[in-house]
Amino acid sequence: MNPKHLLLVTAVVAVSSTQALAKLTVVTTTQDPAALTRAVGGDRVDVTALCKGYQDPHFLDAKPSYMLALNKADLVEAIGLEFEIGWLPPLLNGARNPKVSPGNPGYLDLSTLVKPLDVTASADRAGGDVHPFGNPHYWLDPENGRLMARGIAARLSSLDPAGQATYAANLKAFEQQLDVKEAAWSKAMAPLSGQAIVTFHKSWSYFLDRYHLNVVAFVEPKPGSQPTAQHTIEVINVAREKNVKVLLMENFYDRRSPDQIATHTSAKVVFVPSMVGGTDKVQTYFDLFDVVVDAVAAAGTT
Ligand SMILES: [Zn+2]
């Protein structure tokens, strides 16, 4: 072996041994970005999600273990649009890790990658849990999942340039699978196009937009507030008038009012996870849409 080759071999061994040690530690606020980061990052990343998919992300109880995770993170990914405003800023403050402070390369606000819906002119908290910068439930459009995955791949590549080729290849594979899945979801949802629908929370705007459904009422009187008897009667009237077949809700909300509405209308309650990790079956971003699309399409076509 000539010395030049030996030098090359030594260099390769050195690089691969540091790679084995230096996985990027990523902390995401919810499990959807975590699933996308695993898809794109493969074995170069070590990902932890703070809020689990079966928990209400609007009101997460901060635990000391979250702060510890943030303290060790190379990258923090947040949904943004004030989605985590009640719990992420104090956790980040306590984590004492300037690397992942908003504005630094270790902090990725995923909402900057998508076009927000439901942007209001002013912050009017009287209107309920209103996010003036737009509706933060944007991962519920699979095309936004694509944009998130691309943004995540770009950020992983800049933090870990040695993994650039891996991230690019993984992203390509993800997008190819997404193309196939999206075709199936669109086909399943096509018969429901134009249908009137009721949702519990104003969280399905992106999903309904993608599949052309019209939301005619919300079970919550205002975003973030509990259902009331008076408002439930109003929803029943609207659902009857508009012949609503689907009442779509997250599986962490109380289904008593929705069940009441279903009893008095032709609507069926579709009680599904809205995030990865929402049930044991939903472990990937694709699983999430498989489950939601199946359930909505079944209820909407019977
Ligand atoms: Zn919300």
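Analyst: Two strands are said to pair if DSSP finds at least two bridges between them. Strands (E, at least two residues) and helices (H or I, at least four residues) are DSSP runs, numbered from the N terminus. The model is a predicted one: local features need pLDDT of at least 70, side-chain atom pairs count only at pLDDT 80 or more, and totals for chains, interfaces and linings use all residues. Residue numbers start from 1 along each chain as its sequence is written.

The part examined here is a sheet. β3 and β4 are parallel neighbours, joined by three bridges. Glu-77 stands opposite Leu-108 in β4. The pair belongs to an open sheet of four strands with parallel pairing, in the order β2-β1-β3-β4. Its edges are β2 (45-49) and β4 (107-109), each of which pairs on one side only. On average, neighbouring strands in this sheet are turned by 20° against each other, direction ignored.

Angles run from 0 to 180 degrees between N-to-C directions, with axes fitted as lines to C-alpha atoms, for helices over the stretch in contact. Helix α2 (residues 31-41) touches β1 (24-28), β2 and β3, and its direction makes about 170° with that of β2. Helix α5 (residues 142-159) touches β1, β2, β3 and β4, and its direction makes about 165° with that of β3.

The buried residues of α4 pack against α3 (64-71) and β3 (75-78). Burial is counted in other C-beta atoms, placed from the backbone, within 10 Å of a residue's own: 20 or more is buried, 12 or fewer is exposed, and anything in between is partly exposed. By this count, Leu-88, Leu-91, Leu-92 and Ala-95 are buried in α4 (residues 88-95). Seen down the axis of α4, these buried residues fall within an arc of 100°, so they line one face of the helix; the arc is taken over directions from the helix axis to the C-beta atoms. Pro-89, Pro-90 and Asn-93 are exposed and sit on the face of α4 turned away from the buried side.

Although not a glycine, Arg-96 has a positive phi of about 50°. Arg-96 counts as exposed because it has 9 C-beta neighbours inside 10 Å. Asn-243 is another non-glycine residue with a positive phi, here about 55°. Asn-243 lies in the loop between α8 (229-241) and β7 (246-250), and with 12 other C-beta atoms within 10 Å it is exposed.

β7 belongs to a second open sheet, four strands in the order β6-β5-β7-β8, with parallel pairing. β6 (214-218) and β8 are its edge strands, each pairing on one side only. Neighbouring strands of this second sheet are turned by 30° against each other on average, direction ignored. Inside it, β5 (residues 196-199) and β7 run parallel and are joined by three bridges. Thr-199 has Leu-248 in β7 as its bridge partner. Helix α10 packs on this sheet, touching β7 and β8, and its direction makes about 175° with that of β8.

The loop between β8 (268-272) and α10 holds Gly-277. Gly-277 counts as buried because it has 21 C-beta neighbours inside 10 Å. Leaving out residues up to four places away in sequence, Gly-277 touches Gln-31, Lys-52, Gly-53, Tyr-54 and Val-282. Cys-51 is 226 residues from Gly-277 in sequence, yet their C-alpha atoms are 9.5 Å apart.

A nonpolar core is a set of buried Ala, Val, Leu, Ile, Met, Phe, Trp, Tyr and Cys residues joined through C-beta atoms within 7 Å. The largest one has 79 residues, and Val-40, Leu-70, Ala-149, Val-198 and Leu-247 touch the most other members. Helix α10 (residues 285-300) gives this core its largest share, eight residues. Domain 1 (14-112 + 120-182) and domain 2 (184-300) each contribute at least three residues to the core; these bounds come from an automatic or database domain assignment. Beyond four places in sequence, Val-198 touches Val-216, Ala-217, Val-219, Val-235, Ala-239, Val-244, Leu-247 and Ala-267.

For the protein chain as a whole, there are ten helices and eight strands, and 42% of its 302 residues are buried.

Note on methods: Contact = placed C-beta atoms within 7 Å.
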